[in-house]
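Hi,

Here is the structure I promised to pass on. Have a look at it first, and then read my notes below.

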Amino acid sequence: MALAREPLKTSTTRLQRWIGRWWRQQSPARQDRYATIGPLVSVLLFLAAITAAFWYLRSEEIDRATDALRRDTEIAQQQIRLHLIENQEQLVRMAREVVTRDIDAAEFLVQAGAFQRERPEVRHFTWVNAQRRVRASQAVLSYHRDDPTASPVADPSLPAEGRRSEAEEAFLAARETRQPVYSRPFTDASGQWVFQVQVPLIDRSSFAGTLIVEYSVEALMRFFVPTEVTRRHRVTVLGPDNRVLVSTVSSMPGQHNTRAPSLQYDLPLAPTANGITLRGQGYRTSIGLIGNTLFWMVVALSVLTVWMLLGTWRHMRRRSQIQNALVQETNFRRAMENSMLTGMRAMDKDGRVTYVNPAFCAMTGFSEADLIGLYPPFPYWPPDRIEENTRLLQQELQGRSPVGGIEVKVMRKDGSIFDARMYVSPLIDPKGQQTGWMTSITNITEAKRIRDQLSASHERFTTVLEGLDAAVSVLSVQHSELLFSNRSYRLWFGADARGHALLANSSAGVPYVPEPDEEVDGLSGLPTQPLTETGAQPREVYVESLQMWFDVRARYLQWTDGRLAQMLIATDITARRRVEEQVQQQAERAQMTSRLVTMGEMASSVAHELNQPLTAINNYCNGMVSRVRAGSISTDDLIAALQKTGRQAERAGQIIHRIRQFVKRSEPQRQPAHARDIVEDAVELAGIELRRRKVTIHTYVAQRLPMLHVDPILIEQVLLNLLKNAAEAIDNARMPTSRRHIELRVIPRHTAEEGGVIEFSVSDMGPGMKEEVLARLYEAFFSTKAEGMGIGLSLCRSIIESHRGRIRAQNLYNGESVSGCRFAFTLPVDLSARAESPPVPDVPDVAAASNPNA
């Protein structure tokens with residue numbers, strides 16, 4: 001024991017020493033404050049402890065009462081539920097005997113009577129078949145058989161088809177689930193609250209009716225809730241809508257303002273949820289804090305003690321106010337001087353240092369003892385600037401220092417030098433007399449470095465902008481003022497804002513109209529922030545006065561003074577535009593050359609095609625002349641011969657017109673066109689060559705195709721080149737008659753890569769192409785023909801790609817052997833616009849080359 005007390009005594013002694021040392025470190029004013037606050041805190045802690053003790057005891061009593069209520073409610077619920085479950089098991093056995101025909105109605109009534117005599121809470125026991133007809137029924141103090149003439153519709157205890165009642169809903173639920181079902185509570189014919197359990201009768205998996213047992217809620221409470229529970233607590237049975245069905249405590253007549261129970265606990269009554277709740281209720285017996293006399297006595301004494309301590313504290317506070325005011329005045333001046341980041345130095349009129357603040361000492365590295373009382377030259381003057389600093393000091397002592405301050409070099413104690421700015425002001429005492437000079441010094445090394453970097457960065461930025469070949473200009477949106485322009489802009493447009501407006505395609509003289517909301521630009525009507533976040537908008541602008549093309553990119557930005565400005569970057573693209581125009585002209589000439597070459601290759605076929613109608617015209621004319629001279633022709637025959645002659649002349653004119661339209665030189669022009677019209681014109685021109693080469697063509701154009709926006713002549717040229725190449729491949733390979741035909745198909749397609757397109761495909765049954773030829777098929781000046789120029793397919797690809805389409809070629813295979821070749825190209829369309837003419841029957845256009853006179 002003695003050994004155990006020694007460490008405790010040692011710890012107590014150490015704690016006392018620590019407290020004594022801490023107390024001596026405090027100021028007298030703070031000791032007085034602690035001496036006053038200590039008793040006040042002790043009283044408040046005592047009051048809080050008493051309040052917590054009362055509250056804890058009251059909570060403990062409430063918890064005990066709540067636990068007792070919960071136990072009693074659970075005991076009552078278990079008594080009732082166990083009895084209901086036992087009855088349910090007995091009913092399930094009876095239902096099994098009824099289904100197996102072990103008992104009839106008479107035996108059922110005997111068992112029902114015995115069941116009811118042992119269970120006083122049962123009011124009715126009924127056997128109902130699947131059609132809701134009562135087979136047998138046993139009621140309280142009564143015995144009767146099923147009467148066919150009786151009408152059970154009015155009885156709420158029996159299910160009735162088409163009527164919404166608790167018995168009917170339980171009947172339907174038992175029929176659906178094939179399980180015992182408890183009904184919701186309802187009032188029977190005598191006005192008492194009851195509920196039912198309906199046990200289904202299952203005969204060979206078919207529903208044969210139910211056994212209905214009706215329980216009295218009041219009898220369940222009276223017979224199965226223990227007496228010791230009802231003596232301690234109030235037990236109530238509630239319906240689905242929290243309506244009180246039965247209670248162990250009844251209110252006196254006319255008494256409605258009874259105090260509501262402060263404790264309650266709810267549990268479900270039946271084994272399965274049917275909306276009936278068993279609620280236990282009780283009252284707290286503890287006295288609240290508000291009504292506890294002892295508690296209020298303690299509170300009153302504590303408040304009196306606190307009031308006396310507060311009075312003592314106020315008295316001590318008034319006594320220390322004067323002392324604190326003096327100390328605060330002195331400390332404030334000292335703290336203000338010491339907390340400044342700017343170095344402060346005071347000198348008398350002779351130049352002797354009389355005061356320096358900690359910031360000045362930290363800035364120079366010298367302590368206050370090193371500087372106080374010194375005369376110039378001071379140790380923080382750089383050796384190479386003593387003469388200059390002496391001159392500045394004389395200027396300072398004479399009161400001629402600049403108002404904006406002086407930039408000087410200051411040397412630290414370690415020899416390093418930094419830039420500083422020094423401000424000088426007279427030092428005035430409380431009597432208004434000048435006693436010296438006060439100097440403030442600020443370290444500007446970092447600020448000067450940043451300023452020099454910004455200046456160099458601005459110079460580099462300006463040099464880069466001045467060296468650009470593009471014109472850069474910034475215009476104030478509000479006042480149409482040119483804020484910046486580089487050398488290229490001034491070279492082309494001068495220093496005028498009209499050049500910026502010309503590039504921006506806007507007027508430079510639009511006046512600025514202030515808006516109520518300063519964040520909204522009066523010209524654009526859009527908020528400033530979204531405008532500055534938008535990216536550049538490239539476009540090409542032609543300046544007629546300079547005869548130059550510019551690629552202009554514009555964006556809005558916030559100028560250095562906060563104004564909204566528009567920046568333009570204009571790049572000279574005149575040379576590029578001229579090259580593009582030359583390339584376009586060469587492409588047009590190539591297209592024209594290709595059409596002329598195609599028609600030159602088809603010249604013999606065209607001559608043969610024209611010779612047929614001309615020969616027919618000559619024959620018709622010679623025949624009519626001979627018959628007119630002989631007088632052997634009638635007027636009708638003459639008219640018929642003239643009509644045939646006219647049709648042959650019209651046929652020759654159509655051939656010449658189509659050829660002329662195809663080879664006519666014109667500017668490429670996109671316009672709405674029907675795919676069917678383009679196919680018909682191309683097939684008509686290609687038919688001449690196909691008939692000469694004895695090749696048959698089959699065409700299929702899908703109905704209700706969307707309108708195309710293309711140059712029809714160029715697309716017709718592509719189709720003609722593909723058809724002519726297919727015919728040449730078949731003829732040069734000397735294919736048999738069964739393989740001398742071409743198929744032209746036009747169908748709509750939709751792919752994830754291209755979207756909505758119309759596909760034109762030309763398939764032949766020729767010898768196909770080699771893989772190396774397919775790889776170089778679209779190269780310029782590459783041809784498999786000895787006399788070919790190699791521009792046909794290359795030009796076709798250029799035409800299709802200029803229409804944002806794609807062209808591809810592939811061999812067709814029959815097993816492992818090549819059975820032909822297929823060229824296909826696509827043209828994009830808007831599938832939402834259906835602009836084709838009404839449906840036209842798809843009749844294959846067959847040009848039979850075996851009949852050259854057709």
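Which residues make the nonpolar surface patch of about 600 Å²? They are Leu15, Trp18, Ile19, Trp22, Trp23 and Tyr34. Helix α1 (residues 2-25) is the top contributor, giving five residues to the patch, and Leu15 is in that helix. For the terms: patches take residues with over 30% relative accessible area and no salt bridge, joining like charges within 9 Å and nonpolar side chains (Val, Leu, Ile, Met, Phe, Trp, Tyr) within 5 Å. A salt bridge means a side-chain nitrogen of Lys or Arg within 4 Å of a carboxyl oxygen of Asp or Glu. Areas are Shrake-Rupley with a 1.4 Å probe, and for residues only the protein chains shown count as cover. Helices (H or I, at least four residues) and strands (E, at least two) are DSSP runs, numbered from the N terminus.

Before going on, a word on the source: this is a predicted model, where local features need pLDDT of at least 70 and side-chain atom pairs count only at pLDDT 80 or more, while totals for chains, interfaces and linings use all residues. Residues are numbered from 1 along each chain as its sequence is written, and side-chain values use heavy atoms, leaving out hydrogens and water.

Next, helix α4 (residues 166-177). Its 12 residues reach 16 Å from first C-alpha to last, close to the expected 16 Å (1.5 Å times one less than the number of residues). Its buried residues are Ala167, Glu168, Ala170, Phe171 and Ala174; buried is under 20% relative accessible area, exposed over 50%, and partly exposed in between (1.4 Å probe, protein chains only). Seen down the axis of α4, these buried residues fall within an arc of 165 degrees, so they line one face of the helix (the arc uses directions from the helix axis to the C-beta atoms). They pack against β1 (122-129), β4 (181-182), β6 (193-203) and β7 (206-216), with contact meaning heavy atoms within 4.5 Å. After α4 comes Arg178, with a positive phi near 60 degrees.

Most residues other than glycine have a negative phi, and most peptide bonds are trans. Arg132, in the loop between β1 and β2 (134-139), has a positive phi of about 65 degrees and is buried at 11% relative accessibility. Gln547 has a positive phi near 55 degrees and is partly exposed at 46%. Finally, the Pro376 to Pro377 peptide bond is cis, with omega near 0 degrees; Pro377 is in the loop between α9 (368-371) and α10 (386-397).

Cheers
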